[in-house]
Amino acid sequence: MTLKERYENVIAILQDKYGYMDTELNYDNPFQLLIATVLSAQCTDKRVNAVTPELFRAFPTPQRMGEEPVEEIFEYIKSVSYE
């Protein structure tokens with residue numbers, strides 16, 4: 001079984017069990033959904049949706065984000081907090 005086939009199998013199982021799930025997070029691809037989901041654990045989806053457009057313009061891919069120092073990325077997400 002290829003990785004893609006395994007992925008499709010897992011998705012099919014989850015859809016059978018839970019149906020289609022939606023989110024209030026704004027995203028265009030799996031990378032953006034992952035980042036938005038991690039950030040949403042720290043605050044509201046509304047706040048995440050306010051900061052992620054600029055974040056994703058600056059860092060459109062995981063590779064691009066990985067090239068930057070953490071301090072640079074933090075500048076885009078520092079307002080994502082319950083503090």
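## Basis

The model is predicted, with local features needing pLDDT of at least 70 and side-chain atom pairs counted only at pLDDT 80 or more, while totals for chains, interfaces and linings use all residues. Residues are numbered from 1 along each chain as its sequence is written, and side-chain values use heavy atoms, with hydrogens and water left out.

## Largest pocket

The largest pocket holds about 510 Å³ of space. A pocket here is an open set of points on a 1 Å grid over the protein atoms alone, where a 1.4 Å probe fits and protein lies on both sides within 12 Å along at least five of seven lines; lining residues have an atom within 4 Å of a point. Grid points are joined across faces, edges and corners, and the volume is the space filled by probe spheres set on the points.

The lining of this pocket consists of 15 residues, and Ile11, Tyr20, Met21, Tyr27 and Leu33 are those nearest its centre. Helix H1 (3-18) and helix H2 (30-40) each give at least two residues to the lining; helices are DSSP runs of H or I with at least four residues, numbered from the N terminus. The largest share, 5 residues, is from H1. By class, the lining has 10 nonpolar, 4 polar and 1 charged residues, where Ala, Val, Leu, Ile, Met, Phe, Trp, Tyr, Cys and Pro count as nonpolar, Asp, Glu, Lys and Arg as charged, and the others, Gly among them, as polar.

## Salt bridges

Side chains of opposite charge can pair when their charged atoms come close. The whole structure has 4 salt bridges, each defined as a side-chain nitrogen of Lys or Arg within 4 Å of a carboxyl oxygen of Asp or Glu. In one of them, glutamate 8 and lysine 4 pair at 3.9 Å, N to O. These two residues are both in helix H1, 4 residues apart, about one turn of the helix. Lysine 4 is exposed at 58% relative accessibility, and glutamate 8 is partly exposed at 41%; buried means under 20% relative accessible area, exposed over 50%, and partly exposed in between (1.4 Å probe, protein chains only).

Glutamate 68 and arginine 64 form another salt bridge, with their closest N and O atoms 2.5 Å apart. Glutamate 68 is partly exposed at 23% relative accessibility, as is arginine 64 at 31%. Salt bridges link Arg64, Glu67 and Glu68 in a network. Glutamate 75 pairs with lysine 78 at 2.9 Å, N to O. Both members of this pair are partly exposed, glutamate 75 with a relative accessible area of 47% and lysine 78 with 46%.

Glutamine 32 lies in helix H2 and counts as buried, at 9% relative accessibility. Its side chain reaches the backbone nitrogen of aspartate 28 at 2.7 Å. Leaving out residues up to four places away in sequence, glutamine 32 touches Tyr27 and Phe56, contact meaning heavy atoms within 4.5 Å.

Glutamate 54 is in helix H3 (residues 45-58) and is partly exposed, with a relative accessible area of 49%. From glutamate 54 to valine 38 the separation is 16 residues in sequence and 16 Å in space, C-alpha to C-alpha.

Notes: Polar contact = N/O pair within 3.5 Å; in protein donor to acceptor, adjacent residues only side chain to side chain.
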